[in-house]
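Dear colleague,

Please find below the structure that I am handing over to you. My notes on what was found in it follow directly after.

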Amino acid sequence: MTTTLPLVQAPRTGPGAAGGACCAPLVREAADPETAVELARVFKALGDPTRVRLLSVIAAHDGGEACVCDLTEPVGLSQPTVSHHLKLMVDAGLLTREQRGKWAYYSVVPGALNRLGALLTETAG
């Protein structure tokens, strides 16, 4: 024979015990849905070590730009695979692409990483 015990809720303790909020209040506005989508796209682009490495290699190149032909060897991947990674970073607003003849040249968007930081820290205006 099975008996069911009544549920007993544990007494609340701490700052929310008197019916108030259990956590500190927000001190600035959180990311709105549109900003969250933008941030997620950038974080997704940077969520792969190969893409972080490519971004670093491009930023370290003379003039802050690199031809796709110069990017395959440092990461040890084929040109189509490297181009796919680069496209994702262009779509995320981290890189720009310029076609010169048969080669594509990539450069870091000025202020892209600063903009990312600002989106995370901006306060309601």
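A crossing of two helices is called left-handed if the near helix is turned anticlockwise from the far one by less than a right angle, and right-handed if clockwise. Helices (H or I, at least four residues) and strands (E, at least two) are DSSP runs, numbered from the N terminus. In these terms, H1 passes H5 in a left-handed crossing.

This is a predicted model, in which local features need pLDDT of at least 70 and side-chain atom pairs count only at pLDDT 80 or more, while totals for chains, interfaces and linings use all residues. Residues are numbered from 1 along each chain as its sequence is written, and side-chain values use heavy atoms, with hydrogens and water left out.

The helix pair

Helix H1 covers residues 33–46 and helix H5 residues 112–121; they pack with their axes 11 Å apart, at an angle of about 135°. Axes are lines fitted to C-alpha atoms, for helices over the stretch in contact, and angles run from 0 to 180 degrees between N-to-C directions. H1 is therefore oblique to H5, given that angles under 35 degrees count as roughly parallel, over 145 as roughly antiparallel, 65 to 115 as roughly perpendicular and the rest as oblique.

In contact (heavy atoms within 4.5 Å), Thr35, Glu38, Leu39, Val42, Phe43 and Leu46 of H1 meet Leu113, Arg115, Leu116, Leu119 and Leu120 of H5.

The structure holds four salt bridges, each a side-chain nitrogen of Lys or Arg within 4 Å of a carboxyl oxygen of Asp or Glu. One of them joins Arg115 to Glu38, with the closest N and O atoms 3.5 Å apart. Because Arg115 lies in helix H5 and Glu38 in helix H1, this pair ties together parts that are 77 residues apart in sequence.

The sheet

Three strands form an open antiparallel sheet in the order E1-E3-E2; two strands pair if DSSP finds at least two bridges between them. Strands E1 (65–67) and E2 (95–100) are at the edges, each pairing on one side only. On average, neighbouring strands are turned by 25° against each other, direction ignored.

E2 and strand E3 (residues 103–108) run antiparallel and are joined by six bridges. Thr96 has Ser107 in E3 as its bridge partner, and Arg100 stands opposite Trp103 in E3. Two residues lie between the strands of this hairpin, where Gly101 takes a positive phi near 65°.

Helix H2 (residues 49–60) packs on the sheet and touches E1, E2 and E3, its direction making about 90° with that of E3. Helix H4 (residues 79–91) lies across E2 and E3, at about 120° to E2.

With kind regards
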